Amino acid sequence: MVFSSVVFLFRFLPLFFILYYLVPGRGKNLVLFLGSLFFYAWGEPVYVLLMLFSTVADYVHGRLIGHFRGKRASKGVLFSSVLINLSVLCFFKYADFLIQTFNAVTGVSVPLLALPLPIGISFYTFQTMSYTIDVYRGEAEVQKNLLDFGVYVAMFPQLIAGPIVKYRDVEARLHDRKADLETVSDGMKRFCIGLAKKVLLANNIGELWVLVSEMNLRQMSALTAWVGIFAFAFQIYFDFSGYSDMAVGMGEMLGFRFPENFKYPYISASVTEFWRRWHISLGSWFREYVYIPLGGNRKGRIRQLLNILIVWMLTGIWHGAGWNFLLWGLWFAFALVLEKLFLGKLLAWLPKAVGLVYTMLVVLVGWVLFALETPGRILGYLRAMAGMGGGLADTEGFYLGRQYGVLFLIAVAAATPLFDRAAEELQKTRTGPAIALYRFGEKVIPAVLLLLAIAGIVDASYNPFLYFRF
């Protein structure tokens, strides 16, 4: 059940919130937990048991760590928790990939398990691991109520594709939260904006990427290749950030405050800045639970660069079981290492426009590695981008540019703080007409976007969520 579906918008969501608001006090956690299980079981009826297993396992491990706090046994319990979580994740996500690799290297024919990937397993596994680690460190209290812990793990707004929420960030609100009319209104507006990003921008520009990615790469012009990879860059941004906006918005409607996951990454003037703005909750997780424990930048430059390499190899692998994801991680590790060594200082000295162009080039090459699975397709597409396929330009490229030109302009504007700054200027002006215009836009624009998105959902057949497969 995806957020941009008729079933979710017109059946599940209104019925859930009516029941949620009607039930008083502590009963809301039970409604939220059962509603989240139903939401997950709609698409994964069997794997809901796997999520419940992870929930119970980490709840028990958290209690045991609290019981043995200050003793050596607590470290053994933590190790057990991490081992169980990673074993489950690796089995379902990487078993077939490892079998395929083994077969290719050895020539042996071991049958594949052919297990479907449980939706959202990478996200909720990292959440439950952060809980036991934080309890061990003394940065979070032991949760003694299994229902409350179940709500933290299974909460449907961010269960499937994040943002990754640390337990300590929502701990207090699991017990006591309020959602007044202003908070609910803000959450609804945020949800409408996210839905519009997904349906009106990501879905429509994603159709262009599907069209280009299926073309003959040997005959593809550089213009067509660049149009295609820009389309994918906007598709994955509006797809994922739109989902995050909807998750944050529904969190507000429930009385929670989830962390922001995107801060206009395509305006970054360095790759380092890009990754401070893109999928912020994942970057924060790897920094806090992998990079810093490895030593971070505290043990010299060589160790720091090695730590960056390790973190980005793991980041690539986290995204999927494929060599292209490993290459994607290594590509960004290489760029980040160069910036740590000398390039970062050079970019800070050069005009910002140079940094913007450089960062966009690195990111777009990264998206080629991310989007295409086989080395042949990756190399073929990079050759086409360099004009080594069907030349620099052709009628196909110009036609696609004209057909999607307006959509690209809207996407560029929506991927920058342009609209936010316009709203801020209206607020700062404090004149009657400016404030009236601001209040009118604040109320009318989300409603119009919602109506347009609903029309798009009813009319469209292309409606994937890219990060569901991670």
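Me: How many helices and strands does the secondary structure of the chain come to?

Reply: This is a predicted model, in which local features need pLDDT of at least 70 and side-chain atom pairs count only at pLDDT 80 or more, while totals for chains, interfaces and linings use all residues. Residues are numbered from 1 along each chain as its sequence is written, and side-chain values use heavy atoms, with hydrogens and water left out. Helices (H or I, at least four residues) and strands (E, at least two) are DSSP runs, numbered from the N terminus. On that basis the chain comes to 20 helices and zero strands.

Me: Which kind of aromatic pair do Tyr 266 and Trp 278 form?

Reply: Rings of Phe, Tyr and Trp (its six-membered ring) pair if their centres lie within 6.5 Å, and planes under 30 degrees apart count as stacked, over 60 as edge-to-face and the rest as tilted; by this rule the count comes to 62 aromatic pairs. Tyr 266 and Trp 278 lie 6.1 Å apart, centre to centre, with 45 degrees between the planes, so the pair is tilted.

Me: Is Trp 278 buried or exposed?

Reply: Buried means under 20% relative accessible area, exposed over 50%, and partly exposed in between (1.4 Å probe, protein chains only). Because Trp 278 has 1% relative accessibility, this residue counts as buried.

Me: What separates Trp 285 and Tyr 289 in helix H12?

Reply: Trp 285 and Tyr 289 form a tilted aromatic pair, 5.1 Å centre to centre, and both residues are buried. Because they are four residues apart in helix H12, their separation is about one helical turn.
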